[in-house]
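The sequence and the model are displayed below.

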Amino acid sequence: MLCGIILILEDGNRSIHKGMVCMTGKMDAQDLILNLKAAGFDTVQLKKFLFIREEGTLFQQLEMLASQREHLLECVHCFEQKIDCLDYLVYRIQQENGSV
C-alpha cells in the first residue's frame, strides 16, 4: 500500500515526507497518479479518474475524490470499532485475572 507524500521542491526535485504525497508547483500526470494511489485508488478508479480529468468536469473530479474520502472514513470507523473490541477484551481478561 502506497502511503507517502511527495514534495516537489522549488528546484523541481521530489522528496517523500511523513508518509503522504504532497506537492508544490504544477502537478504533472505522474504526481497525480502517485497521489491517487496514495489515497487508495485501485486501477479501475484510477483509470476512471484520469478519463474524467480529460473528458469530464471539475465537479466530477471533486465528486469522485469526495466519494473516496467518504469510503476511507468508513474504513477508519470500522477499524476504530475493532480497536474498541480489542481494548474491551484486554480489560475483561485483566479483570478476570485481578490485574485491574
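## Helix H2

Helix H2 (residues 43-55) has 13 residues and spans 18 Å from its first C-alpha to its last, close to the 18 Å expected at 1.5 Å a residue. Helices (H or I, at least four residues) and strands (E, at least two) are DSSP runs, numbered from the N terminus, and the expected span of a helix is 1.5 Å times one less than its number of residues. Within H2, Leu46, Phe49 and Ile52 are buried. They lie on the same side of H2, because they cover an arc of only 130° around the axis; the arc is that of the directions from the helix axis to the C-beta atoms. An α-helix has 3.6 residues a turn, so residues three or four places apart point the same way. Buried means under 20% relative accessible area, exposed over 50%, and partly exposed in between (1.4 Å probe, protein chains only).

The other side of H2 carries the exposed residues Thr43, Val44, Lys47, Lys48, Phe51, Glu54 and Glu55. The buried residues of H2 pack against helix H1 (29-38) and H3.

## Basis of the model

The model is predicted: local features need pLDDT of at least 70 and side-chain atom pairs count only at pLDDT 80 or more, while totals for chains, interfaces and linings use all residues. Residues are numbered from 1 along each chain as its sequence is written, and side-chain values use heavy atoms, with hydrogens and water left out.

## Overall organisation

The protein contains 3 helices and 2 strands, in the order β-β-α-α-α from the N terminus on. Of its 100 residues, 17% are buried. Contact means heavy atoms within 4.5 Å; among contacts between residues at least 6 apart in sequence, 17% join residues at least 24 apart.

The accessible surface comes to about 8,000 Å², and carbon and sulfur atoms account for 60% of it. Accessible areas come from the Shrake-Rupley method with a 1.4 Å probe, and for residues only the protein chains shown count as cover.

## Helix H3 and its buried residues

H3 has 39 residues and reaches 57 Å from its first C-alpha to its last, close to the 57 Å expected at 1.5 Å a residue. Its buried residues are Gln61, Met64 and Gln68, and H2 is included in what covers them. Just after H3, Gly98 takes a positive phi of about 70°.

Gln68, in helix H3, is buried because its relative accessible area is 5%. Not counting residues up to four places away in sequence, Gln68 touches Ala39, Gly40, Phe41 and Gln45. The C-alpha atoms of Gln60 and Phe49, 11 residues apart along the chain, are separated by 8.7 Å.

## Nonpolar surface patch

Leu86, Tyr88, Leu89, Tyr91 and Ile93 form a nonpolar patch on the surface, and together they have about 520 Å² of accessible area. Patches are made of residues with over 30% relative accessible area and no salt bridge; like charges are joined within 9 Å, and nonpolar side chains (Val, Leu, Ile, Met, Phe, Trp, Tyr) within 5 Å. A salt bridge is a side-chain nitrogen of Lys or Arg within 4 Å of a carboxyl oxygen of Asp or Glu. Leu86 lies in helix H3 (residues 58-96) and is exposed, with a relative accessible area of 54%.
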